[in-house]
Amino acid sequence: MELNIKQNVMVTPAQSTWKGNQSLSEWDQIGCTKYASSIYFYAPTTLPFQTITQTLIDSLSHTLPHFYPLAGRLRSLNNGRFQLECNENGAVFIAAELNADLSYFEKDYFTPTLESDCLLLPYVNESLPIHELPLLLVQLTKFSCGGLSLGITTSHVLVDGLSVANFMTEWARIARGLPLQKPPFLDKKAFGVGDCCGSNPQRFDHSNDFGNMPFLLKQPKVEELKKMKTTMFTLKLTKEQVQKLKNKANKDLDRPSRPYTRYEALAAHIWRCSSKARKHDSQQPTACAVTIDSRKRLEPPLPFEYFGNGVFDVTARCTAGELLSSSLSEVASKVRSVIEMVTNDYVLSAIEYLKSQQDLTKFQYSYKSSTNGGGKYCGNPVISVINLVNLPFKGIDFGWGKEIHFGPAYHEIDGDLWIIRNSSDDDESLLIVICLLVEHVEAFKMYFFDDMIN
C-alpha cells in the first residue's frame with residue numbers, strides 16, 4: 001500500500017488567545033507522559049476530498065481559540081515535571097490518500113495493528129526537543145473506495161480521554177456550522193495547582209498507587225523475554241451477554257447495597273480470565289488496574305468539561321489462588337472496593353502525596369512493549385481495564401455522517417484493554433479490545449466466553 005501525503009500544515013488559532021506559561025496538575029504529570037492516539041472511520045462519501053480537508057482545517061482553526069492549550073508546547077522542568085507554554089504555535093494537520101479500501105481495515109472489528117497506525121496516524125518525531133513537539137496532530141486519510149479515517153494523536157500530559165472526547169464533539173459542531181456548546185473548563189485550582197505543599201493533609205497510604213504493580217514470581221529469562229510478542233484482538237459482547245454476566249455477578253452473594261455494574265462485572269470476569277490464560281500459580285500476586293475519573297469524586301465535583309487529566313489508576317489485588325477460587329460476585333466486590341475507596345479526601349491526599357515528591361519520573365511510563373509487571377509498566381500479572389463506554393466519543397459528525405467505528409490505536413503493552421461501544425450496531429453491543437502475549441490469546445478467548453455460562 002502507498003500513502004500519498006496531499007497536505008501537511010500547521011493549523012493555528014483563528015483568533016488571538018491567552019499567552020504565557022501555565023502550571024500543570026499532578027495528574028497531568030504521572031502515568032503516560034507520551035502520546036495517546038485514537039482513530040475514527042467513516043463510510044464512503046461523495047463530497048470532494050479537498051472540500052472535506054478544508055472544512056476540517058478551517059473548523060480546527062476556529063476551535064483552537066477555545067481549546068488553546070492544544071496549540072501550545074510543553075517544557076520539561078528537569079524533575080519529572082512539565083510546564084505548558086501557551087504560544088499559539090498550532091496543531092499539525094495532515095491530509096493523505098491511501099490506495100486501499102476501507103474493507104481492508106474493517107475486518108475483525110477494526111482491530112488496530114502496527115501497520116494501520118503507520119498508515120493512518122500522524123507521525124510524531126519524538127527525537128525532537130519537547131518544546132518543539134506539537135500537542136495535537138491529526139491525519140485525515142481517504143481510501144480508494146471513498147471512505148475516510150481520522151487519526152487523532154494528543155499529548156497525554158495535556159489531556160485524558162474525556163478531554164479529547166469533549167474537544168472532538170465541539171470541533172465537529174463547529175465544522176457543521178454550529179456554535180460552541182460546552183466550553184472547556186481550564187481552571188486547575190481544584191487539583192491544587194498553585195498551592196504550596198501541605199494545603200491538604202495526606203490522610204491515606206498511597207504506596208500501592210501510581211503504577212506500583214506486582215511482578216511475576218517466576219521471572220522469564222532474558223532470552224525468553226526477547227521472544228515474547230504481544231498482539232491485539234477484539235471480542236464482541238452482545239447486550240444479552242453483558243446482561244448475563246451482570247446477572248451472574250449479582251446472584252452468587254448476598255445482595256450488595258446496590259447491584260454490581262456492567263463495568264464491575266466485566267472487569268472481574270476479565271481479571272479471572274487473564275489469570276487463567278496466563279496459567280498463574282496459586283501464590284502469584286495479581287492486580288486489576290481500574291481507571292477512576294476524579295472529576296466527579298471531588299466536592300464539589302469538577303465540571304464534565306474540565307480540560308486536562310482527571311483520571312488515575314487504582315488497583316484491586318489478590319493472589320491468583322484467591323482470584324480463581326472466588327465467585328464472580330466476590331471478585332466484583334474487590335473491584336468495587338477500590339472504586340469506592342476514591343473519595344474527595346482520597347483524591348486530595350493523593351495529590352498531596354505527589355506534590356511532596358521531589359521527582360515524578362518514577363510515576364511515569366511510556367507506551368512501549370512490556371511482558372512483565374513493574375513499577376513503570378503494566379503487563380503480566382496485571383490487567384488494566386479502561387472503560388470508554390460512557391465517554392462521548394460516539395457520534396462525531398463533521399458534516400458527512402457519523403463514524404462507523406471509533407477505537408484506540410495499536411498498543412504493545414501486555415494486559416492493556418479497552419471497553420468501547422460498537423458504533424456499527426444499534427443493539428448496544430460492546431467491543432473488548434485487548435493486548436496480550438500471543439501465547440495467551442486463544443486461552444483467554446476460550447475462558448472469556450465459556451466462563452460466562454459456566
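Q: Is E340 buried, partly exposed or exposed, and what is its relative accessible area?
A: This is a predicted model. In it, E340 has a relative accessible area of 42%. Buried means under 20% and exposed means over 50%, so E340 counts as partly exposed.

Q: Which residue meets the side chain of E340 in a salt bridge?
A: Start with the general idea. Side chains of opposite charge can pair when their charged atoms come close. Here the partner of E340 is R258, at 3.1 Å from N to O. E340 sits in helix 9, while R258 sits in the loop between helix 6 (239-251) and helix 7. The two are 82 residues apart in sequence, so the pair ties together separate parts. R258 is partly exposed, at 35% relative accessibility.

Q: How many salt bridges does the count come to?
A: The count comes to 16.

Q: Which residue forms a salt bridge with E26, and where do the two lie?
A: The partner is R81, with the closest N and O atoms 3.9 Å apart. This pair links distant parts of the chain, 55 residues apart. E26 is in the loop between strand 2 (20-23) and strand 3 (31-32). R81 is in the loop between strand 5 (73-76) and strand 6 (82-86).

Q: Are E26 and R81 buried or exposed?
A: E26 is buried, with a relative accessible area of 8%. R81 is buried too, at 12%.

Q: Where do E442 and K445 lie?
A: Both are in helix 11 (residues 441-453). They are three residues apart, about one turn of the helix. E442 is exposed, at 56% relative accessibility. K445 is partly exposed, at 27%.

Q: Which residues do salt bridges with shared partners join into one network?
A: The network consists of D160, D293 and R295.

Q: At what angle do helix 7 and helix 9 pack?
A: First, the general idea. Two packed helices are described by the angle between their axes and the distance between the axes. Helix 7 (residues 262-277) and helix 9 (residues 328-341) pack at about 115°. Their axes are 8 Å apart. The crossing is right-handed.

Q: Which residues make the contact between helix 7 and helix 9?
A: Helix 7 brings Y263, E264, A265, A267, A268, H269, W271 and R272. Helix 9 brings L328, V331, A332, K334, V335, R336 and I339. By class, the contact has 10 nonpolar, one polar and four charged residues.

Conventions: Residues numbered from 1 in each chain as written. Predicted model: local features only at pLDDT ≥ 70, side-chain atom pairs only at ≥ 80, totals over all residues. Heavy atoms only, no water. Axes fitted to C-alpha atoms, helices over the stretch in contact; angles between N-to-C directions. Helix = DSSP H or I, 4+ residues; strand = E, 2+ residues; numbered from the N terminus. Left-handed = near helix turned anticlockwise from the far one by under 90°. Contact = heavy atoms within 4.5 Å. Nonpolar A, V, L, I, M, F, W, Y, C, P; charged D, E, K, R; others polar. Salt bridge = Lys/Arg side-chain N within 4 Å of Asp/Glu carboxyl O. Buried < 20%, exposed > 50% of the residue type's maximum accessible area, 1.4 Å probe, protein only.
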